[in-house]
Structure formats: C-alpha cells, structure tokens
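You asked for a quick tour before you open the viewer yourself. Here are my notes, in the order I would look at things.

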Amino acid sequence: SQTYTVWAPGNASLEGVDRQDVERARMLAENHITRGSVSTSMIDARLVRLLNGKMMQIVRQEDGSFSYGGAAFSKSNVRTRNGLVHELSSFVDYRPNLWEYLVYGGELDSMSNYMLGLTRLVFSPTESVRIGTNEDGNAVYDSTFIERNTYLEARGALNNEDSIYTQLFLDNRAWRMGEEELSPYFNVPDVFGGAQRGLELRRAALTRDLVYKGRVEDPALTDSLISTGGTVFYNPGYLFAGSTPQELSNGWGYVL
C-alpha cells in the first residue's frame, strides 16, 4: 500500500558484512531505501532523504550513467508493484553525523560520556494530556517527556542532518590533557559547590569552542572563525594542527 525506492547492492559487495550484527544490518538497509518513487529520468543531481534520515546524492555522470553516494548503478528503474529498484555495484556505508560520531568514532569515550551525559528527560506540558485532578486540586497529566541536551541547545544542532557544522573532537588523551591544564583555574569553594561544581565548569570551558557553523574544509586558508560559543579565532589553522579530518553526514569532524 506504500511506495518505496530501493538502491540494492549486488550480492558480492555484501559478502564481507556481518549479517549477525542486527543493528549494523538495519543501519545499512535503511541507508538504501527512501519513501516514494525516484526515477533517474530528468535527473542531473538530486538529494534524497532516506529511511534513516540521512541525505544521499544521486548524480548523472558525464557518460550518462548514474551514481548513488558514489556507488555506480548497474541497472536502473526496475519497476515493482510498490516502487522502483536500482541495482548498485557496491553498497554505500552508513555515515554518522557529528553527534553520532561521539559514539562511533572510537577513542572518544571521555568526551562522549560528558556530552551525552548532558541529556535529560524533560516534561512537556504541551504534548501531555490533562486527565483530571488529584485530591489536592492539582492537575494530573498523562505525561509526555522529551529528550533535551543542553550542549545541542547551546552549541548547535549536531544531531540534525539538515544543519551543517565543523566540530573538533578530543580523543581520550587530548581530553585528559585539557582537563589537567584547566584544573588550576576552577578551584571552587565548598560553599559554591566545591569540587563537583569545579568539574562542571572545567568541562564546560573545555567544550565551549569546539563547534563552528558551516564546512571548514581547509582551516589553514581561513583567516578567522567564530565558534558557536561566541569566541573569534584569527588565523585558526593552529586549532586543527595534527588533527585527522572525517567527512560526516552533516559536516566535517577533526579529531585532535
């Protein structure tokens, strides 16, 4: 009763994929399916939104052939009762966004634990339904809670496929070095929260200026950058020195 388009990788390209890894298989499958019928007719270049929320580019090459996320079509526009199938020479691997990279990037546990730990479940009165009152006369709700993360709200929608950013990632060693260097500046008296408050302030400072709007593909050629934390960096190439660039689904990540 619904219409889909599937970009189907050939069997040979999937031989090395561990099919017992159910989560990996799901991510890979959803990376090749979109709702609706997407034909190659009248297309030079087009972005399509997939079941996993990612955007994938279809491009007509100079010789008239097509590619899907860089994978060549081996057959196009195979009609089925509920959509179209395009056969591919190889599969297109799942590309995480900047927020997902905290989990999938490897050696980022310290930064990941901190930033993901800023997520809270918050009561949403607009999405909750009032079902009556209690014995004290207070409203009783069929409650709905939503996830909110203070870092995403303050520094940028790093989990949004439609928002483009550049982000610096601190691997575990860099995170430890940063904490050690900042530690002397955040000695908080007990009356103001003590060591725990000092830890919170130190980590907030450590992550304040890691995100920049747009794609920064060659930092050495950029004369200035403004972080989403509001700090201006002139000749910012030094911020990225020694980093390893990663092209992600919604921007560039640089691992320090």
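1. On one side of H5, Arg173, Glu180 and Glu181 are exposed. One thing to keep in mind throughout: this is a predicted model.

2. Which residues of H5 are buried? They are Asn172, Ala174, Trp175, Gly178 and Glu179. Looking down the helix axis, you'll find these buried residues within an arc of 160°, so they line one face of H5. Residues three or four places apart in an α-helix point the same way, because there are 3.6 residues a turn.

3. What do the buried residues of H5 pack against? Their partners are helix H3 (109–116) and H6. Have a look at the start of H5 too, where a side-chain oxygen of Asp171 comes to within 3.2 Å of the backbone nitrogen of Arg173.

4. Next comes H6 itself, which covers residues 194–206, 13 residues in total. From its first C-alpha to its last it reaches 18 Å, close to the 18 Å expected at 1.5 Å a residue. The buried residues in H6 are Gly194, Gly198, Arg202 and Leu206. They sit on the same side of H6, because they cover an arc of only 105° around the axis.

5. On to the sheets. An open sheet of 7 strands runs in the order E2-E1-E7-E6-E5-E4-E3, and its pairing is mixed. E2 and strand E3 (45–49) are the edge strands, each pairing on one side only. If you ignore direction, neighbouring strands of this sheet are turned by 30° against each other on average.

6. Strand E1 (residues 4–9) and E2 run antiparallel and are joined by 3 bridges. Thr5 stands opposite Thr34 in E2.

7. Is Thr34 buried or exposed? Thr34 is buried, with a relative accessible area of 5%. Leaving aside residues up to four places away in sequence, Thr34 touches Tyr4, Thr5, Trp7, Arg49 and Leu50. With Arg49 there is a polar contact as well: a polar atom of the Thr34 side chain lies 2.5 Å from the backbone oxygen of Arg49.

8. E3 and strand E4 (residues 55–60) are antiparallel, with 5 bridges between them. Ala45 stands opposite Val59 in E4. The two strands form a hairpin with 5 residues between them, and Gly53 in the turn has a positive phi of about 90°.

9. Move along to the next pair. E4 is joined to strand E5 (residues 66–68) by 3 bridges, and these strands run antiparallel. Val59 turns up here as well, standing opposite Ser67 in E5. E4 and E5 make a hairpin with 5 residues between them, and Gly64 in the turn has a positive phi of about 95°.

10. There is another hairpin to check, formed by E9 and E10. Strand E9 (residues 129–133) and strand E10 (residues 139–142) pair in the antiparallel sense over 4 bridges. Thr133 is opposite Ala139 in E10. How many residues lie between the strands of the E9 and E10 hairpin? There are 5, and Gly137 takes a positive phi near 85° in this hairpin.

11. Strand E12 (residues 165–169) and strand E17 (residues 251–255) are paired in the parallel sense over 5 bridges. Phe169 has Val255 in E17 as its bridge partner.

Terms used:
Residues numbered from 1 in each chain as written. Predicted model: local features only at pLDDT ≥ 70, side-chain atom pairs only at ≥ 80, totals over all residues. Heavy atoms only, no water. Expected span 1.5 Å × (residues − 1). Buried < 20%, exposed > 50% of the residue type's maximum accessible area, 1.4 Å probe, protein only. Arc of directions from axis to C-beta. Polar contact = N/O pair within 3.5 Å; in protein donor to acceptor, adjacent residues only side chain to side chain. Contact = heavy atoms within 4.5 Å. Pairing = 2+ DSSP bridges. Axes fitted to C-alpha atoms, helices over the stretch in contact; angles between N-to-C directions.
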